[in-house]
Amino acid sequence: MAQFIPGRAAIIALCALATAAVAGAADAPVPEAVQHVADVNITRATLEAPIRYLADDLLEGRGTASRGDALAQLYLATQLEEFGYAPGGPGGSYEQPFDIVGLDAHMPATWTFKAKGGTVDLKWSTDYIAASGVETEQAAVRDAELVFVGYGIEAPEYKWNDFKGMNLKGKVLVMLNNDPDWDPQLFAGKTRLYYGRWMYKYESAARQGAAGAIIVHTTPSAGYPWQVVQTSWSGEQFELPDRGEPRIQIKAWATEEATRRLLTAAGKDLDKLVAAAHSRNFRPVPLGIRTSIAFTNTVAHTQTANVAGLLRGSDPQLADQVVVYSAHHDHLGMAKVKPGEEGKKVDRIYNGAEDNASGCAQILAVARAIAALPERPRRSTLILFAAAEEQGLLGSQYYAENPTFAPGRIAANLNIDGGNHFGATRDISLIGSGKSSLDAVAESVVHWQGRV
């Protein structure tokens, strides 16, 4: 997937990617027809108006499966219909609905750990954040040992295995965030792979039969501060329904400071453990720390939906292939009322103007411009607004598992997550560079625009 974080000129580049004449000379890679429809259809008004609507307080932050979520879906679907796109979902609909499960875990105010050096209590939110790993009303970890497993990665292609065959059933695994990033030839260096995502970490722990997993948060390894973990992992969490895959009871995060306190009580040093984890020869380290935790879940079964519109291509042969332009339409919804806030006027709405009303607005502008081209692109165009991205890319995962085009028929997917709000810039960020033949197209347009 390629991800642009663009200004208006980069949106013109997106339109260029949709045309049949993209591969022109480097000095003029954007056809005049594309430039014209961009000038007419990609304006300040066409970019600002959708953001103003989608980020309005009336949509209450577009939380997954909320009223605001449904309003956003309806708005995007009617816009695509107005632009001339046919329904892109199943059964002649603009929506691709799917089931999700909401889990609101009621965690204890303190999580207690016992080590040879004494008892350590981690405070909820300040020291640890956790969510349920199971879709049941009760969940628990009982007298489990903590084991440090480095990055928690099994990657045969890199000859990397942090588990070394150790029996970790019933353990609580302590893992480093991200993936090994010090060698460009090892895990793509600074480029974060799926191995570095929290989702992979918890899946990896579940495959080991672990009872739970704790990811050690640092701002450099995550790319965001602890406050983001507090916000994103508090309250109701959503996931696709359980299909019998391995699961852990608890999915947790701990601050670096809290982790150091835990390890000190066990006579361990975090820095030395991290240094050891930087080697292929690393082996899991039992920490001599034990813990129990029990909590209840409020379980809700509900639905949300991706929104999709299809513009048929002009080439009889290539029209059965599709280029997908996507952005997620959800955000974080509303914060819970905190103790002491009852009855007070407090702004609890996460409006999500940047993330990702701006991306939706830019994809709508691209959709409008493509539909206005005098000659349609050779391949078909699918505009896809994915649901529940903030909950773990659930809408994207569901579409990938249930595509409306057969495998092998999707030529490319270009995604926008957060538009440029800084003003005119000389640089364009392309996530996915080096992964596809789109590089040459993007580079030619960037060169033509005098950008980097």
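Residues are numbered from 1 along each chain as its sequence is written, and side-chain values use heavy atoms, with hydrogens and water left out. Since the model is predicted, local features need pLDDT of at least 70 and side-chain atom pairs count only at pLDDT 80 or more, while totals for chains, interfaces and linings use all residues.

Helix packing comes first. Two packed helices are described by the angle between their axes and the distance between the axes. Here, axes are lines fitted to C-alpha atoms, for helices over the stretch in contact, and angles run from 0 to 180 degrees between N-to-C directions. Helices (H or I, at least four residues) and strands (E, at least two) are DSSP runs, numbered from the N terminus. Helix H3 (residues 44-54) packs on H4 at an angle of about 155°, with the axes 11 Å apart. H3 and H4 are therefore roughly antiparallel to each other (angles under 35 degrees count as roughly parallel, over 145 as roughly antiparallel, 65 to 115 as roughly perpendicular and the rest as oblique). On the H3 side, Pro50, Tyr53 and Leu54 meet Leu71, Ala72, Tyr75 and Leu76 of H4, where contact means heavy atoms within 4.5 Å. By class, this contact of H3 with H4 has seven nonpolar, no polar and no charged residues; Ala, Val, Leu, Ile, Met, Phe, Trp, Tyr, Cys and Pro count as nonpolar, Asp, Glu, Lys and Arg as charged, and the others, Gly among them, as polar.

H4 (residues 67-83) also packs with helix H10 (residues 353-372), and their axes come within 9 Å and cross at roughly 15°. H4 and H10 are therefore roughly parallel to each other. Tyr75, Leu76, Gln79, Leu80 and Phe83 of H4 make this contact with Cys360, Leu364, Ala367, Arg368 and Ala371 of H10. Sorted by class, the contact of H4 with H10 has eight nonpolar, one polar and one charged residues.

Back in H3, the buried residues are Thr46, Leu47, Pro50 and Leu54 (buried means under 20% relative accessible area, exposed over 50%, partly exposed in between, with a 1.4 Å probe and protein chains only). They cover an arc of only 100° around the axis, which puts them on the same side of H3; the arc is that of the directions from the helix axis to the C-beta atoms. Arg44, Ala45 and Arg52 are exposed on the other side of H3. Helix H11 (residues 394-401) has Leu394, Gly395 and Tyr399 as its buried residues. Seen down the axis of H11, these fall within an arc of 130°, so they line one face of the helix. The cover over the buried residues of H11 includes strands S3 (95-106), S12 (237-239), S14 (285-311), S16 (380-386) and S17 (410-416).

Now for some charged residues in strands. Asp104 sits in strand S3 and is buried, with a relative accessible area of 15%. Beyond its neighbours within four places in sequence, Asp104 is in contact with Gly235, Glu236, Thr296, Asn297, Thr298 and Lys336. Lys251, in strand S13 (residues 250-255), also counts as buried, at 16% relative accessibility. Leaving aside neighbours within four places in sequence, the contacts of Lys251 include Tyr202, Trp233 and Glu239.

Asp121 lies in strand S5 (residues 118-123) and is partly exposed at 38% relative accessible area. With neighbours within four places in sequence set aside, Asp121 is in contact with Thr110, Trp111, Thr112, Asp127 and Arg261. Glu154, in strand S8 (residues 154-155), is partly exposed too, at 33% relative accessibility. Its contacts, apart from neighbours within four places in sequence, are Trp160, Asn161, Phe163, Tyr195, Tyr200 and Gln208.

Most residues other than glycine have a negative phi, and most peptide bonds are trans. Glu60, in the loop between H3 and H4, has a positive phi of about 50° although it is not a glycine; Glu60 is partly exposed at 35% relative accessibility. Asn178 likewise has a positive phi, about 70°, without being a glycine. The place of Asn178 is the loop between strand S10 (172-176) and helix H5 (198-207), and Asn178 is buried at 10% relative accessible area. Finally, the peptide bond from Asp355 to Asn356 is cis, with omega near 10°, and Asn356 is in helix H10.
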